[in-house]
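Biologist: Please show me how to read a fold. Let us take one feature at a time.

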Amino acid sequence: MAEAQKVQILAGDPSHGVGSLLLDPSPSDPQPAAVPLTLEERFALVRSVGEECIQEEELKNLLAKKPVPVCYDGFEPSGRMHIAQGVMKTINVNKLTSAGCIVKIWIADWFAQLNNKMGGDLKKIHTVGRYLIEIWKAVGMNLDKVEFLWSSDEINSRAHEYWPLVMDIARRNTLHRIIRCSQIMGRNEKDELTAAQILYPCMQCADIFFLKADICQLGMDQRKVNVLAREYCDDIKKKNKPIILSHHMLPGLQEGQEKMSKSDPSSSIYMEDEEGEVNVKIKKAYCPPKVVEGNPCLEYIKYIVFPWFGHFEVVRKEENGGNKTYNNMEELILDYESGVLHPADLKPALSKALNLILQPVRDHFKNNSVAKDLLKSVKAYRVTR
């Protein structure tokens, strides 16, 4: 990872189940011997990735019996990467690999084509996929135990395994049950779906077994198809079901936006946004004084800044309370709800923290010719739904 400083994750207090992301020491610094994590520490670290876990006891048993579990995550190459997909995924993957897991990241190129992303143009989809990988390398994802797998290549190489599995899943489920999974594609049950989009959930369910995944580590919006996979295990009398570890979904920056949108640049921070763009987006973000519920700025601090730095620094004038470093979210919320911490002070501090995280990515896309060309192409593409 020559273009960016690497990050390592150190297990924090197991009772909290949260790790701290710290920059690697310089090569001249003494390197302490790694201390193996206990089973409880491994469980706490893996469990901290998910807003929901189905089921915790199964996860504990898995970690006790299998030293190197396989975690599955996947993404459609569908446009520029926002900060949740870039930084939150990096934090989660680094936690999982630090706990001894192998993470298989499924580059779902065929799925993006089925879902009409990039107008269904597979060449453009491949370009977007390569651009996304460049970002994860630049921001500090620990790639030692990560495998990037292109769905088209993997399926073609083992078609005799994959398609019978897809057909069996389709055969055992009603059309209504499959349509209920349409949320995984950014659709809803009332949308007029193409035949390709009906096939999509059956394929995504098959991916879990095809990749021999022990843990499905995806967002809450993918929960329904992961549950479908567990139901399929009941149908075929398979004892070891995939554990579902669903991470939190960051909202958009504007009021009432439950999810970031690639088609609305004001709803999210992109991973290669310039410092000025980040500052403007956060300045315009919904952040009413004393209101915690539905406040996207506080969500960014909770799910990005604290996991990355372990603290949140606010710089302000003495008459406004002076500088303060928050070491936990609870303390920050108390000050915010009481009005001690005002949006006018919180927002610049948030912008500064985000820009520190994103600077290695900007540098990579400016200094690396391959990355620069990929970004230029992706920015020129029209996002399709």
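Modeller: Start with burial. A residue is buried under 20% relative accessible area, exposed over 50% and partly exposed in between, with a 1.4 Å probe and protein chains only. Helices (H or I, at least four residues) and strands (E, at least two) are DSSP runs, numbered from the N terminus. Now the case here. In strand S7 (residues 215-219), 5 of the 5 residues are buried, so S7 is largely enclosed by the rest of the structure.

Biologist: What kind of model is this, and how are its residues numbered?

Modeller: This is a predicted model: local features need pLDDT of at least 70, side-chain atom pairs count only at pLDDT 80 or more, and totals for chains, interfaces and linings use all residues. Residues are numbered from 1 along each chain as its sequence is written, and side-chain values use heavy atoms, with hydrogens and water left out.

Biologist: How many helices and strands does the protein have?

Modeller: The protein has 15 helices and 10 strands. It has 385 residues, and 51% of them count as buried.

Biologist: What is the strand order in the open sheet?

Modeller: First, pairing: two strands pair if DSSP finds at least two bridges between them. Here, 6 strands form an open sheet in the order S3-S8-S7-S4-S5-S6, and the pairing is mixed. S3 (52-54) and S6 (146-150) are the edge strands, each pairing on one side only. Neighbouring strands are turned by 20 degrees against each other on average, direction ignored. Angles run from 0 to 180 degrees between N-to-C directions, and axes are lines fitted to C-alpha atoms, for helices over the stretch in contact.

Biologist: Which strands pair with S4?

Modeller: S4 pairs with S5 (residues 102-107) in the parallel sense, over 6 bridges. In that pair, Asp73 stands opposite Ile105. S4 also runs parallel to S7, joined by 2 bridges. There, Cys71 stands opposite Ile215.

Biologist: What about S8?

Modeller: S7 pairs with S8 (residues 243-247) in the parallel sense over 5 bridges. Ile215 faces Ile243 across that pair, and Gly219 stands opposite His247. S3 and S8 pair in the antiparallel sense over 3 bridges. Glu52 stands opposite Ser246 there.

Biologist: Which way do the side chains of S8 point?

Modeller: In a regular strand, side chains alternate between the two faces of the sheet. In S8, Ile243, Leu245 and His247 point one way. Ile244 and Ser246 point the other way, and all are buried.

Biologist: How do H12 and H14 cross?

Modeller: The axes of H12 (residues 296-309) and H14 (residues 343-367) come within 11 Å and cross at roughly 45 degrees. That makes H12 oblique to H14. Angles under 35 degrees count as roughly parallel, over 145 as roughly antiparallel, 65 to 115 as roughly perpendicular and the rest as oblique. The contact includes Trp308 of H12 and Leu350 of H14.

How values were computed. Contact means heavy atoms within 4.5 Å.
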